[in-house]
Amino acid sequence: MTAVRRLGPAARRAAGLLAGSAVAVRTTAPAVALTFDDGPEPGGTDRVLTALADAGATATFFVLLTRVRRYRSLLDDVLAGGHEIGLHGADHRPLPELPPGEVAGTLAGARAELEDATGRPVRWYRPPYGRQTLRTWRALRSAGLTPVLWGPTTWDWKDVAPAERLAKAVVGAQPGAIVLAHDGFAGAEDAAVDGPAPELDRGALIAGVLSRYADLGLSARSYGEVLATGSPVRDFRFPG
């Protein structure tokens with residue numbers, strides 16, 4: 001049993017204030033923070049960027065350096081679209097599986113490389129699979145990064161019907177929610193072991209999700225933009 005399961009609700013909230021990860025933004029602004037993982041990827045990132053531009057939306061892209069090195073022009077396209085860049089990792093290995101003494105150095109090096117590529121500070125980090133421990137949390141904080149998790153998801157890594165993805169995306173959608181989506185699918189070349197990628201048009205999915213959010217009176221913005229309207233909601237999530 002992990003530490004997070006042993007804590008009661010009050011203790012968990014208190015711990016989250018000290019050593020938590022962002023899971024939402026406390027705000028009254030009618031916007032969700034739309035985030036993408038596992039890119040950049042041809043056929044995914046480009047279609048997502050078109051859907052965002054058509055809707056006048058912005059997002060935060062948590063990128064893998066294994067992908068950035070292969071598809072640098074797509075990273076440039078994300079930046080040119082006015083979007084925010086966060087780090088998803090040097091590759092897709094979960095932090096708890098790295099040698100303990102290497103976590104902080106790996107993250108610091110990855111952050112520096114990404115900042116060189118973007119010419120911008122990199123503040124946010126999305127742990128692969130959301131997996132982290134208190135030890136890896138301390139390491140990523142020492143690397144100058146802040147962990148950002150999520151609430152609503154789009155189920156775009158599952159083989160489900162498009163209608164199910166759209167229905168899932170609106171569960172929990174409210175001002176300040178952090179929405180998890182993907183503009184790519186990490187594979188063996190990224191040190192991921194998630195099987196075959198699902199068949200879907202990621203651009204069409206995001207266009208549909210943004211339309212659903214508009215019906216709810218919500219726009220989609222980057223995490224940094226939404227955070228500027230309020231304060232982070234943190235939770236003590238260390239599933240390991």
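Modeller: Contact here means heavy atoms within 4.5 Å. This is a predicted model, where local features need pLDDT of at least 70 and side-chain atom pairs count only at pLDDT 80 or more, while totals for chains, interfaces and linings use all residues. Residues are numbered from 1 along each chain as its sequence is written, and side-chain values use heavy atoms, with hydrogens and water left out.

Biologist: OK, what does Phe61 touch?

Modeller: Leaving aside residues up to four places away in sequence, Phe61 touches Phe36, Thr45, Val48, Leu49, Leu52, Val78, His83, Glu84, Ile85, Gly86 and Asp183.

Biologist: And which residues touch the most other members of the largest nonpolar core?

Modeller: Phe36, Leu52 and Phe61 do, in a core of 44 residues, a core being buried Ala, Val, Leu, Ile, Met, Phe, Trp, Tyr and Cys joined through side-chain atoms within 4.5 Å (buried: under 20% relative accessible area, 1.4 Å probe, protein chains only). A second, separate core has 11 residues, among them Ala22, Val25, Phe62 and Tyr223.

Biologist: Switching topic, how big is the largest pocket?

Modeller: Its volume is about 290 Å³ (space filled by probe spheres set on grid points joined across faces, edges and corners; a pocket is an open set on a 1 Å grid over the protein atoms alone, with protein on both sides within 12 Å along at least five of seven lines, and lining residues have an atom within 4 Å of a point).

Biologist: What about the largest cavity, what volume does that have?

Modeller: The largest cavity, where a 1.4 Å probe fits but cannot get out, has about 70 Å³, and its lining includes His88, Arg93, Thr106 and Tyr125.

Notes
Buried means under 20% relative accessible area, exposed over 50%, partly exposed in between (1.4 Å probe, protein chains only).
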